[in-house]
Amino acid sequence: NAGTEADVYISVYGERGDTGSRQLLRSQKSKKFLKGQTDIFAVEAVHLGCLYKIVIGHNGLGSGNGWFLDKVVIKDPITDLDYTFLCYRWLDQGQDDGNISRELPVTDASMLPGRQELELKRQKTWAAEKWKFRKGITLQFYNRVTRGFVCLYPDSRVDALGGKKNKYGKVFSMWMCA
């Protein structure tokens with residue numbers, strides 16, 4: 001559910017001005033903005049010089065309108081430069097911070113030190129996993145040794161004895177390595 005059916009808009013900003021808001025209409029793919037897919041669009045504009053930011057978002061309409069955006073890469077055909085704008089966040093009223101648009105500064109991904117790359121991966125993982133820590137969520141782990149469940153309840157109780165039946169849902173396998 002990381003793709004969107006909503007209309008997506010982008011504004012590109014450079015040292016000589018901006019494009020204004022442009023809807024991304026025609027991808028080289030038959031269906032746009034699917035999970036795990038890279039879409040390519042042609043956007044006509046005057047040459048903006050060196051790019052420094054974009055604003056990208058959607059109109060929030062349609063079923064399944066939430067969208068997890070990894071990054072945007074803009075290829076300048078005049079200078080043959082690539083500008084990378086990293087996001088790794090949700091554009092969704094029901095996820096993350098609830099925003100459906102993001103202002104992204106340019107990042108030279110090839111120059112990122114290892115620590116910044118690690119931080120971006122951490123942010124991406126947290127964005128995908130933080131639902132587990134919302135108020136009212138019961139976490140449950142299956143212990144293969146005891147063949148029972150360990151439950152962490154919203155009121156901070158822990159049931160480590162673990163019953164043999166799972167009353168909250170499905171059994172998930174979890175492997176942890178140290």
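This is a predicted model: local features need pLDDT of at least 70, side-chain atom pairs count only at pLDDT 80 or more; totals for chains, interfaces and linings use all residues.

Biologist: Let us begin with the fold. How many helices and strands does the protein have?

Modeller: There is 1 helix, and there are 10 strands. Along the sequence the order reads β-β-β-β-β-β-β-α-β-β-β. The protein has 178 residues, and 30% of them count as buried.

Biologist: What share of the contacts with a separation of 6 or more joins residues 24 or more positions apart?

Modeller: The share is 48%.

Biologist: Next, the aromatic rings. What describes a pair of them?

Modeller: Two values do: the distance of the centres and the angle of the planes. This structure holds 2 aromatic pairs. One of them joins tyrosine 13 and tyrosine 52, at 6.4 Å centre to centre with 50° between the planes. That pair is tilted.

Biologist: How does tyrosine 52 count by its relative accessibility?

Modeller: Tyrosine 52 has 43% relative accessibility, so it counts as partly exposed. The cut-offs are under 20% for buried and over 50% for exposed.

Biologist: And what about phenylalanine 68 and tryptophan 90?

Modeller: Their ring centres are 5.5 Å apart and their planes stand at 75°, so this pair is edge-to-face.

Biologist: Are phenylalanine 68 and tryptophan 90 buried or exposed?

Modeller: Phenylalanine 68 counts as buried, at 15% relative accessibility. Tryptophan 90 is buried too, with a relative accessible area of 12%.

Biologist: Which residue lies over the face of tyrosine 13?

Modeller: That is lysine 53, at 4.6 Å from the ring centre.

Biologist: Now the largest pocket. What should I read there?

Modeller: Take its volume, then its lining. The largest pocket holds about 1400 Å³ of space. Its lining has 46 residues, and Asp39, Phe41, Val72, Val73 and Ile74 lie nearest the centre. By class, 25 are nonpolar, 13 polar and 8 charged.

Biologist: Which element gives the largest share of that lining?

Modeller: Strand 5 does, with 9 residues. Strand 1, strand 4, strand 5 and helix 1 each supply at least two lining residues.

Biologist: Let us look at valine 73 by itself. Where does it lie, and what does it touch?

Modeller: Valine 73 lies in strand 5. Its relative accessible area is 37%, so valine 73 is partly exposed. Leaving aside neighbours within four places in sequence, valine 73 is in contact with Asp82, Tyr83 and Thr84. Its C-alpha atom is 6.3 Å from that of phenylalanine 85, 12 residues apart along the chain.

Biologist: One last residue. Where is leucine 161 found?

Modeller: Leucine 161 sits in the segment after strand 10. With a relative accessible area of 80%, leucine 161 is exposed. Leucine 161 and valine 150 are 11 residues apart in sequence, and their C-alpha atoms are 6.7 Å apart in space.

Methods
Residues are numbered from 1 along each chain as its sequence is written. Side-chain values use heavy atoms; hydrogens and water are left out. On a 1 Å grid over the protein atoms alone, a cavity is a set of points where a 1.4 Å probe fits but cannot get out, and a pocket is an open set with protein on both sides within 12 Å along at least five of seven lines; lining residues have an atom within 4 Å of a point. Grid points are joined across faces, edges and corners, and a volume is the space filled by probe spheres set on the points. Helices (H or I, at least four residues) and strands (E, at least two) are DSSP runs, numbered from the N terminus. Ala, Val, Leu, Ile, Met, Phe, Trp, Tyr, Cys and Pro count as nonpolar, Asp, Glu, Lys and Arg as charged, and the others, Gly among them, as polar. Rings of Phe, Tyr and Trp (its six-membered ring) pair if their centres lie within 6.5 Å; planes under 30 degrees apart count as stacked, over 60 as edge-to-face and the rest as tilted. Buried means under 20% relative accessible area, exposed over 50%, partly exposed in between (1.4 Å probe, protein chains only). A charge sits over a ring if NZ of Lys or CZ of Arg is within 6 Å of the ring centre and within 35 degrees of the ring normal. Contact means heavy atoms within 4.5 Å.
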